[in-house]
Amino acid sequence: MTSPANPSSNPDSSNAVYCHDVPAERPWSRVLKQGQTLRIIDSEGQQAVDALLYCADDPTERYSAQDTLRVQGSAYVELGTRLISNRGRVMAHIAADTCGRHDTSAGCCSCESNAIRFGEETKYQHACRENFILELSRHGLTKRDIVANLNFFMNVPIESSGKFTVVDGISAPGNYVDVTADMDVIFVISNCPQVNNPCNGFNPTPIRVMIWDPPADVT
Amino acid sequence: MTTAQTKQEIAEANRRRYEQLRAAGQDLTPKGLPEATALDGAPIASEAVVSREQVPAGWYATVRLRRGEALRIVDDSGRSSVSLIGWREEDTSERINCADTVKVQWSAAISKGRVILSDMGRVFLSLVEDTCGAHDLLVGGSTPASTRAAYGATSRNTQENFLSAAAKIGLSLRDIPPCVTFFAPVSLDAKGRFLWNSSRKRAGDFVDLRAEMNLVLVVSNCSHPLDPARSASPGPITVIRHRIPPPAQDDPCRTTSPEIVRAFEFTDRLYA
């Protein structure tokens with residue numbers, strides 16, 4: 001699991017135009033220009049990263065989990081998956097992946113869903129939706145704009161019977177996923193604070209985000 | 001060191017609780033679910049009907065339901081699939097949430113006895129009658145692109161139906177969440193690829209959805225994008241808004257699991 005799944009796309013880290021460590025439990029966002037690649041690195045392993053994408057020119061166009069799965073014909077996000085908008089356009093694609101499987105059906109954790117899943121006392125724990133609301137507010141967006149998100153490094157097998165389980169993350173320290181933008185997008189992350197299920201190994205940890213410009217001959 | 005041990009102990013306790021919930025949610029709960037409704041079961045008395053409408057193929061209807069009322073959706077021909085979204089009438093930022101519905105019930109498959117949740121940790125609709133038991137929460141409805149791919153030209157589709165319906169009540173593209181599609185027998189193979197089980201569809205299949213809040217619902221009668229028979233003209237559907245008796249103490253939908261019991265407690269507080 002240490003070698004990139006797609007070595008030809010593996011950029012030289014010294015050429016990155018941006019590098020930032022997102023602390024455990026915190027949000028992050030940035031506009032990715034068309035052609036730029038965002039690398040999300042699971043620095044310590046078993047850390048779920050919730051993500052939403054909005055078209056930078058018109059944020060009413062945004063990532064759609066159901067459109068993405070319909071176009072792909074299968075239930076998991078992996079190398080090559082095209083991330084489709086609610087207007088049917090390709091917003092970005094998975095250009096490299098050393099983890100192997102990511103979820104987009106389980107949504108994000110919220111204080112309110114934690115309270116029904118794990119007991120009312122867990123309502124007062126930080127949650128991804130709190131992160132999304134705060135980070136989206138920086139872009140003029142609100143809770144209305146939160147749709148079903150991507151969950152990078154989150155392992156949610158769905159059985160033919162429909163049985164649906166968040167199980168232990170399979171990502172090792174240093175595993176990463178590369179997302180290349182096919183249009184200018186606002187990329188929003190919540191570094192998941194959930195401590196009540198195995199998505200973060202019951203211990204939320206930091207992640208690193210890096211951005212590369214497209215190779216000169218492509219632009 | 002004490003702190004580290006405490007953190008470790010908390011993590012271990014949280015894992016134990018998770019495994020207990022998982023065992024209950026995936027082993028006990030499914031065994032307690034009611035049998036499917038018979039095709040000729042659960043007749044509606046004429047005096048209980050509030051309104052009735054037949055929606056032609058390709059079209060949509062917007063229905064307001066008061067808490068405690070029910071919506072029957074009937075697939076008259078056995079060729080339709082019906083996609084549904086909705087909002088809480090008093091605060092439309094609260095809306096149907098497929099991800100929480102699936103996650104909280106430990107199941108991407110819903111059938112009689114299950115519920116559909118809002119994004120605020122409350123129960124939106126209860127599936128109080130269901131003859132079919134084959135509904136989709138993962139793939140969603142048809143779109144301009146999916147109809148172009150299927151028919152070579154854009155035809156009426158669920159995404160544009162939802163946009164039109166939302167616009168007529170002052171909402172927009174921003175307010176359209178992922179949908180549930182009834183009478184859409186989607187399952188997965190071992191690799192996660194979607195499959196369509198045509199044998200699960202029959203003429204006259206119906207569901208009764210009990211509103212657990214005051215709701216505005218939109219139903220769209222367009223073929224599901226995975227339905228291989230989609231080029232055949234789907235038939236009309238019938239939607240009936242009707243009054244039903246209040247839920248009993250042992251109502252099957254309210255008692256399936258500790259998670260759902262809590263979700264109803266929080267929902268009831270809205271109207272206490």
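Visitor: Which residue of β7(A) stands opposite A:A51, and how should I read such a placement?

Guide: In general, strands of a sheet pair through backbone hydrogen bonds, either parallel or antiparallel. In this predicted model, local features need pLDDT of at least 70 and side-chain atom pairs count only at pLDDT 80 or more, whereas totals for chains, interfaces and linings use all residues. Residues are numbered from 1 along each chain as its sequence is written, while chains are lettered from A and ligands numbered from 1 in the order in which they are written. Here A:L150 in β7(A) is the residue opposite A:A51, and β7(A) pairs with strand β4 of chain A, residues 49-55, in the antiparallel sense over 3 bridges. Pairing requires that DSSP finds at least two bridges between two strands, and the elements themselves are DSSP runs numbered from the N terminus, with helices being H or I over at least four residues and strands being E over at least two.

Visitor: In what order do the strands of that open sheet lie, and which of them stand at the edges?

Guide: The open sheet has 4 strands of chain A in the order β2-β9-β4-β7, with antiparallel pairing. At its edges are β2 (27-32) and β7 (150-152) of chain A, each of which has a single partner strand, so one side of each is left without a neighbour in the sheet. On average, neighbouring strands of this sheet are turned by 25 degrees against each other, direction ignored; axes are lines fitted to C-alpha atoms, for helices over the stretch in contact, and angles run from 0 to 180 degrees between N-to-C directions. Helix α3 of chain A, residues 128-137, packs on this sheet and touches β2, β4 and β9 (185-191) of chain A, its direction making about 145 degrees with that of β9(A). Contact is judged by C-beta atoms, placed from the backbone, that lie within 7 Å.

Visitor: What is the strand order of the open sheet of 6 strands in chain A?

Guide: That sheet has the order β1-β10-β3-β8-β6-β5, and its pairing is antiparallel. Its edges are held by β1 and β5 (82-84) of chain A, each with a single partner strand, so one side of each lacks a neighbour in the sheet. Neighbouring strands in it are turned by 20 degrees against each other on average, direction ignored.

Visitor: Which strands pair with β10 of chain A, and over how many bridges?

Guide: Strand β1 (residues 18-22) of chain A runs antiparallel to β10 (residues 207-212) of chain A, with 5 bridges joining the two, and within this pair A:H20 stands opposite A:V209. Strand β3 (residues 37-42) of chain A also pairs with β10(A) in the antiparallel sense, over 5 bridges; opposite A:T37 stands A:W212, and opposite A:R39 stands A:M210.

Visitor: How many helices and strands does chain A have, and what is its radius of gyration?

Guide: Chain A has 3 helices and 10 strands, which run β-β-β-β-α-β-β-α-α-β-β-β-β from the N terminus on. Its radius of gyration is 16 Å, close to the 17 Å that the globule rule gives for 219 residues, so chain A is as compact as a globular protein of that length; the radius is taken over C-alpha atoms, and the rule is 2.2 Å times the number of residues to the power 0.38. Of the 219 residues of chain A, 55% count as buried, a class that needs 20 or more other C-beta atoms within 10 Å of the residue's own, again placed from the backbone, against 12 or fewer for exposed and partly exposed in between.

Visitor: Where in chain A does pLDDT stay under 50?

Guide: The score pLDDT is the predictor's confidence in each residue, from 0 to 100. Where pLDDT is low, the predicted coordinates should not be read in detail. It stays under 50 over residues 1-8 of chain A, although the mean for chain A is 93 and 94% of its residues reach 70 or more.

Visitor: How many residues does each chain bring to the contact?

Guide: Chain B brings 46 residues and chain A brings 40. On the side of chain B that touches chain A, at least two residues each come from several elements of chain B, among them α1 (2-32) and α5 (258-270), and α1(B) gives the most, with 7 residues.

How values were computed: Contact = placed C-beta atoms within 7 Å.
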